[in-house]
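Below is a short report on one protein chain.

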Amino acid sequence: YARLELEGAKDTLARESLLTKMEHFKRVYFMARRHLKRENPERLQVIESQLIDQKVRVFGIYNA
């Protein structure tokens with residue numbers, strides 16, 4: 001969703017703020033992903049499958 005918002009952002013400060021938030025969310029996601037991979041790999045598969053489904057619904061396609 002942040003990517004869609006970024007595409008519509010005209011202001012440089014708004015774009016920089018969104019890029020900073022996106023980078024933060026990316027780091028948090030990968031930390032959580034590593035934890036789940038170690039502690040509950042089955043749950044990780046379910047979550048990632050749901051994320052792919054959501055990306056397809058929002059963007060129309062899935063790009064890995």
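Helices (H or I, at least four residues) and strands (E, at least two) are DSSP runs, numbered from the N terminus. Phe-25 lies in helix 2. The model is predicted, so local features need pLDDT of at least 70 and side-chain atom pairs count only at pLDDT 80 or more, while totals for chains, interfaces and linings use all residues. Residues are numbered from 1 along each chain as its sequence is written, and side-chain values use heavy atoms, with hydrogens and water left out.

**Overall fold**

The protein chain has 3 helices and 0 strands, in the order α-α-α from the N terminus. Its radius of gyration is 14 Å, well over the 11 Å that the globule rule gives for 64 residues, so the chain is more spread out than a compact globule. That radius is taken over C-alpha atoms, and the globule rule is 2.2 Å times the number of residues to the power 0.38. Along the principal axes, the C-alpha atoms fill a box of roughly 40 × 25 × 15 Å. The accessible surface is about 5,500 Å², with 56% of it belonging to carbon and sulfur atoms; areas come from the Shrake-Rupley method with a 1.4 Å probe, and for residues only the protein chains shown count as cover.

**Helix 2 and helix 3**

Helix 2 (residues 12-39) packs on helix 3 (residues 41-59) at an angle of about 140 degrees, with the axes 6 Å apart. Axes are lines fitted to C-alpha atoms, for helices over the stretch in contact, and angles run from 0 to 180 degrees between N-to-C directions. The two helices are therefore oblique to each other: under 35 degrees counts as roughly parallel, over 145 as roughly antiparallel, 65 to 115 as roughly perpendicular and the rest as oblique. Residues in contact (heavy atoms within 4.5 Å) include Tyr-29 and Leu-36 of helix 2 and Ile-47 and Leu-51 of helix 3.

**Burial**

Buried means under 20% relative accessible area, exposed over 50%, and partly exposed in between (1.4 Å probe, protein chains only). Of the 64 residues, 8% count as buried.

Leaving aside neighbours within four places in sequence, Ala-9 is in contact with Ala-14, Arg-15 and Leu-18. Phe-25 and Arg-38 are 13 residues apart in sequence and 20 Å apart in space, C-alpha to C-alpha.
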